Amino acid sequence: MASAAYLETDENLEALISRIEQKSRKIETLLKQSKPVEALKTALEGSPLKTRDERCKSANWIVVHRAMMAIRDIGGMFNSLDTEYYDILMKYLYRGLSTGDRPTCDQCLKIHEKLTERAGLGCILRSLADTVNTV
């Protein structure tokens with residue numbers, strides 16, 4: 001039996017998917033306005049970390065991936081990205097690396113290098129050790 005913390009109804013999942021779709025539209029608008037860092041912030045906000053539903057996780061990954069791939073000035077990104085986003089971004093970087101897709105992996109490694117310089121090894125450890133909040 002699923003624990004109460006992870007009990008998800010179809011209604012809750014549909015609401016979550018709807019929020020991800022809204023977020024996706026907002027990100028596309030920000031990218032068209034040449035605001036990739038704002039798009040990444042928006043993509044990371046409200047990530048469905050506690051859900052076990054793969055459909056929700058995949059939908060949100062697509063949104064985060066789209067924003068992440070639009071980043072060109074990685075060093076400059078960290079001047080605008082608040083530290084509260086570091087751990088969740090690290091989780092998505094590892095998800096990106098797991099795809100095996102060359103352009104995605106290249107971008108993830110570039111961001112990973114700068115993120116580790118900025119946030120330290122603790123960010124990596126927190127990301128890998130946290131098995132409750134998954135992406």
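Helix α3, formed by residues 54-69, contains 16 residues and extends 22 Å from its first C-alpha to its last, close to the 22 Å expected at 1.5 Å a residue. Helices here (H or I, at least four residues) and strands (E, at least two) are DSSP runs numbered from the N terminus, and the expected span of a helix is 1.5 Å times one less than its number of residues. The model is predicted, so that local features need pLDDT of at least 70 and side-chain atom pairs count only at pLDDT 80 or more, while totals for chains, interfaces and linings use all residues. Residues are numbered from 1 along each chain as its sequence is written, and side-chain values use heavy atoms, with hydrogens and water left out.

The buried residues of α3 are Cys-56, Lys-57, Asn-60, Trp-61, Val-63, Val-64, Ala-67 and Met-68. Seen down the axis of α3, these buried residues fall within an arc of 165°, so they line one face of the helix. The arc is that of the directions from the helix axis to the C-beta atoms. A residue is termed buried under 20% relative accessible area, exposed over 50%, and partly exposed in between (1.4 Å probe, protein chains only). The N-terminal end of α3 is capped by Asp-53, a side-chain oxygen of which lies 3.2 Å from the backbone nitrogen of Arg-55.

Within α3, Asn-60 counts as buried because its relative accessibility is 0%. Apart from neighbours within four places in sequence, Asn-60 is in contact with Ile-20, Lys-23, Ala-43, Ser-47, Pro-48 and Tyr-92, where contact means heavy atoms within 4.5 Å.

The protein chain as a whole has seven helices and zero strands, and its pattern along the sequence is α-α-α-α-α-α-α. For 135 residues, a compact globule would have a radius of gyration near 14 Å, and the 15 Å of the protein chain agrees with this. The radius of gyration is taken over C-alpha atoms, and the globule rule is 2.2 Å times the number of residues to the power 0.38. Along the principal axes, the C-alpha atoms fill a box of roughly 45 × 35 × 30 Å. Of the 135 residues, 42% are buried. Among contacts between residues at least 6 apart in sequence, 73% join residues at least 24 apart. The protein chain exposes about 7,600 Å², of which carbon and sulfur atoms supply 53%; accessible areas come from the Shrake-Rupley method with a 1.4 Å probe, and for residues only the protein chains shown count as cover.

Helix α5 (residues 86-99) has 14 residues, which should span 20 Å at 1.5 Å a residue; its end C-alpha atoms are 20 Å apart, in agreement. Its buried residues are Tyr-86, Ile-88, Leu-89, Met-90, Lys-91, Tyr-92, Leu-93, Arg-95 and Gly-96. The cover over these buried residues includes α2, α3, α4 (74-80), α6 (102-119) and α7 (121-129). After α5 comes Gly-100, whose phi is positive, near 80°.

Phe-78 is located in helix α4 and counts as buried, with 2% relative accessibility. When neighbours within four places in sequence are left aside, Phe-78 is in contact with Tyr-86, Leu-89, Ile-111, Lys-114, Leu-115 and Arg-118. The C-alpha atoms of Phe-78 and Thr-131 are 26 Å apart in space, and the two residues are 53 residues apart in sequence.

Lys-50 lies in the loop between α2 and α3 and is partly exposed, at a relative accessible area of 48%. The side chains of Lys-50 and Asn-133 are joined by a polar contact of 2.8 Å. A polar contact is a pair of N or O atoms within 3.5 Å; within protein, one must be able to donate a hydrogen and the other to accept it, and residues adjacent in sequence count only if both atoms are side-chain atoms.

Lys-26 and Thr-42 are 16 residues apart in sequence, with a C-alpha to C-alpha distance of 7.9 Å. Ser-34 belongs to the loop between α1 and α2 (36-44) and is exposed, its relative accessible area being 61%. Phi of Ser-34 is near 60°, a positive value in a residue other than glycine.
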